[in-house]
Structures are given as C-alpha cells and as structure tokens.
Amino acid sequence: MGTVIAITSGKGGTGKTSITGGVACSLALMGRRVLCVDMDIGLRNLDISLGLNDRALMDFSDVALGRCPLARAAVEHPDLKGLSLLTAPMTLPASLTAEKVTSLLNSAAEYDYILIDSPAGLGAGFRLATCAVDRAIVISTNDASSLRDAQRTVAELEHLKQIHLVMNRIQTKLLRKLRATIDDAMNAAGLPLIGVVPEDPQVILCANLGLPLTTRGKRGAALACWNIAQRLEGNRVPIMRIR
Ligand SMILES: Nc1ncnc2c1ncn2[C@@H]1O[C@H](COP(=O)(O)OP(=O)(O)OP(=O)(O)O)[C@@H](O)[C@H]1O
Ligand SMILES: [Mg+2]
C-alpha cells in the first residue's frame with residue numbers, strides 16, 4: 001500500500017489543483033506509480049492540470065459504489081508512464097460514505113502514491129477527501145485569510161502524523177513590502193514547510209494549453225513541484241530561493 005496524501009487548504013483558489021498536478025507529474029517522472037484522485041465534486045479540474053482534459057468517463061464514486069472496477073475508471077496518462085487519474089462525479093451520491101471511499105483507496109494497492117485533490121472548505125467533500133489519508137499538504141498563499149484558513153484546516157487534521165505547508169504564489173517583492181517572511185507564514189499556519197512555489201505565469205499558460213506543468217522544464221513552479229516530490233521521496237533538497 002502506497003502513501004495517501006490529501007492536498008487541501010480551507011480557502012479556495014490557493015493552488016491545490018495546480019500543485020497536485022505538478023507534484024503528481026514529477027513523481028511519475030521519477031518512476032513512481034501515482035494515482036491522482038480528484039475529490040472536488042461538481043468542480044473537478046485536476047484533469048486540466050494533468051493534461052488529461054475530459055478524458056475520464058467514469059469517476060471515483062463509480063468505483064467506490066462498485067459500479068466500475070478501478071482499472072477501468074482510472075485514466076492512464078498517455079505521455080507520463082505510471083500516472084493515472086480518477087476523476088470526481090458532478091454530484092455527491094447520498095450512498096457515498098467515508099467507509100466506501102476508504103475501501104476504494106485501500107484497493108489501489110499497486111500505486112506508490114495516491115494524491116487527493118481536496119475541495120475548498122471544510123465540508124462534506126473535505127471530510128471525504130481526508131477520511132483515509134496518511135498525510136496532508138496544506139497549500140496557502142501569503143495573504144492573511146489564506147493563512148488563517150490553513151490554520152483552521154490543520155485543526156481538523158490534528159490526528160495525522162504528517163501535515164506540511166506549501167506556500168504558493170510567492171513574490172519576493174510583495175513579501176518585502178509586507179515585511180513578511182516564510183517563517184512568519186509557517187508560524188501563522190502552525191506547520192512545517194515542504195515547499196515554496198513562486199508566482200509563475202507558466203501555471204496558467206500550461207493549464208490553458210492543456211499541458212502538464214512539467215513539460216516546461218525544471219524552473220519556476222515546475223521546479224518547486226519537483227522539489228516537493230523529492231522531499232516526499234525523503235530526499236533533502238534546499239528550499240528554493242525566489243527572486
Ligand atoms: N504558482 C502559481 N503562479 C501563478 N498562478 C498560479 C499559481 N498557482 C495557482 N495559480 C493559478 O491560480 C488559480 C487557482 O489555482 P488552482 O485551481 O490550482 O487552485 P485551487 O486551490 O485548486 O482552487 P479551488 O479551491 O477552486 O479548487 C488558477 O488560475 C491557477 O492557474
Ligand atoms: Mg482545485
């Protein structure tokens with residue numbers, strides 16, 4: 001059984017989906033078998049950041065409710081060996097319980113990593129996304145509301161042994177103006193850091209072109225996601241200097 005990781009944030013729009021995609025592609029490039037599960041029911045878009053736009057026919061609820069085997073519902077990436085996507089349904093079926101999601105995740109034993117893209121908020125979707133995870137990555141930007149929501153999210157996940165923070169969309173100029181540091185952000189969120197991702201137009205560009213971020217080489221946000229993947233693998237990588 002591989003490691004099940006929820007990528008979450010509380011606040012919407014912090015970069016959960018973009019970073020799930022970037023880290024998943026990086027892990028696949030490292031030779032790992034990765035299952036991405038989009039748990040943003042009704043608002044799924046992880047397919048876009050993986051470069052798998054609208055390819056999935058069945059979703060994770062079809063597998064959890066026994067309507068389709070995992071092997072048929074998971075869409076294999078045509079260019080990134082070992083990477084698959086299980087997409088989200090458009091509505092939350094009443095019969096979809098945490099127990100059913102847990103047994104679905106337990107059945108995905110052939111994967112080294114299962115990355116779950118959690119929806120914003122702390123509601124039913126968040127609870128399903130985090131019901132059976134080994135660890136969590138909380139994505140925050142450097143604004144006060146995002147950091148406060150990160151802190152609230154951490155409070156909901158206190159039972160987990162490993163929760164880490166990713167600071168996304170970092171711009172050094174803005175940090176200077178705010179007289180803020182990444183250390184301040186870690187203190188505000190109450191979490192150790194696993195990555196710092198710069199503000200990078202390539203994130204938006206790649207999504208709009210339907211390409212995984214990793215196709216743009218190892219720089220900017222793509223390099224930051226690669227570094228996060230390395231740290232998940234247990235490798236020591238220095239935190240990126242952002243200019
Ligand atoms: N490092 C970055 N640099 C530039 N743009 C970014 C970066 N990270 C995310 N974005 C952009 O921010 C927007 C929100 O990102 P994304 O959809 O990944 O967030 P999310 O947390 O998954 O949102 P939601 O809560 O709605 O699911 C997107 O337009 C994305 O391209
Ligand atoms: Mg998202």
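A pocket, on a 1 Å grid over the protein atoms alone, is an open set of points where a 1.4 Å probe fits, with protein on both sides within 12 Å along at least five of seven lines; its lining residues have an atom within 4 Å of a point. This is a predicted model, in which local features need pLDDT of at least 70 and side-chain atom pairs count only at pLDDT 80 or more, while totals for chains, interfaces and linings use all residues. Residues are numbered from 1 along each chain as its sequence is written, and side-chain values use heavy atoms, with hydrogens and water left out.

I start with the second largest pocket. Ten residues line it, and Thr172, Ile182, Met240, Arg241 and Ile242 lie nearest its centre. Its volume is about 200 Å³, a volume being the space filled by probe spheres set on grid points joined across faces, edges and corners.

The largest pocket holds about 570 Å³. It has 30 lining residues, with Gly15, Lys16, Thr17, Ser18 and Val203 nearest the centre. Helix α1 gives the largest share of that lining, six residues; helices (H or I, at least four residues) and strands (E, at least two) are DSSP runs, numbered from the N terminus. Among the other elements that supply at least two residues each are β7 (162-170) and α10 (201-209).

Next, helix packing. Helix α7, residues 144-156, packs against α9, residues 182-189, at about 45°, with the axes 8 Å apart. Axes are lines fitted to C-alpha atoms over the stretch in contact, and angles run from 0 to 180 degrees between N-to-C directions. The two helices are therefore oblique, the class left after under 35 degrees (roughly parallel), over 145 (roughly antiparallel) and 65 to 115 (roughly perpendicular). Leu147, Ala150, Gln151 and Val154 of α7 meet Ala185, Ala188 and Ala189 of α9, contact being heavy atoms within 4.5 Å.

Last, salt bridges: a side-chain nitrogen of Lys or Arg within 4 Å of a carboxyl oxygen of Asp or Glu. The whole structure has five. One of them joins glutamate 233 and arginine 32 at 2.8 Å, N to O.

Technical notes
Chains lettered and ligands numbered in written order.
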